[in-house]
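Here's a quick tour for anyone meeting this structure for the first time. Have a look at it, then read on.

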Amino acid sequence: MVHNYFDTYVVVVVLLLVGAGIVAGALAANRMLRPDRPTAEKLTTYECGVDPVGEGWAHSYVRYYVFAYLYVVFAVDAVFLFPWATIFSAPGYGLTTLVEMFVFLAFLATGLAYAGKKGVLSWV
């Protein structure tokens, strides 16, 4: 039975402390039980089994990130289209949801046209 308003927060604080104690205990047990034999070979940078050569700076094309961004945009588009398709047939939502979806698709088509105009969609 709760007698005071702030007594409810005591339970939350106790649970947070117990959770933090469990995490700290697990990390401490890991540190005590793991093998720790660092050597110069173990401390070198590992890159897929190949010894690192040259400097650590590599050039990458921004276009690949734009491809990923466009994929995310159209994946989100699909996430919105499926629920819309189920609601569209419900009574009272017909014309309103149809207009809203065409506005949404117009925004996406505008973005796609802009990306095409900028040459982002060319694979060369």
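## Helix α2, end to end

To get the expected span of a helix, take 1.5 Å times one less than its number of residues. Keep in mind that this is a predicted model. Helix α2 covers residues 62-88, and its 27 residues should span 39 Å at 1.5 Å a residue. The C-alpha atoms at its ends are 39 Å apart, so the two values agree.

Which residues of α2 are buried? They are Phe67, Leu70 and Asp77. Part of what covers them is α3, which runs over 94-117.

Asp77, which sits in helix α2, has a relative accessible area of 10%. Setting aside neighbours within four places in sequence, Asp77 is in contact with Phe104, Leu105 and Leu108.

## A pair of rings

There's one aromatic pair in the structure. Phe80 and Phe104 make it, edge-to-face, with 5.6 Å from centre to centre and 80 degrees between the planes. The pair links distant parts of the chain: Phe80 belongs to helix α2 and Phe104 to helix α3, 24 residues apart.

## A nonpolar patch on the surface

Over on the surface, Val10, Val14, Val18 and Ile22 form a nonpolar patch, and together they have about 350 Å² of accessible area. Val10 lies in helix α1, residues 7-33. With a relative accessible area of 47%, Val10 counts as partly exposed.

Conventions
Residues numbered from 1 in each chain as written. Predicted model: local features only at pLDDT ≥ 70, side-chain atom pairs only at ≥ 80, totals over all residues. Heavy atoms only, no water. Patch = residues over 30% accessible without salt bridge, like charges linked within 9 Å, V, L, I, M, F, W, Y side chains within 5 Å. Areas by Shrake-Rupley, 256 points an atom, 1.4 Å probe, with all protein chains shown as cover. Salt bridge = Lys/Arg side-chain N within 4 Å of Asp/Glu carboxyl O. Helix = DSSP H or I, 4+ residues; strand = E, 2+ residues; numbered from the N terminus. Buried < 20%, exposed > 50% of the residue type's maximum accessible area, 1.4 Å probe, protein only. Contact = heavy atoms within 4.5 Å. Phe/Tyr/Trp six-rings, centres within 6.5 Å; stacked < 30°, edge-to-face > 60°.
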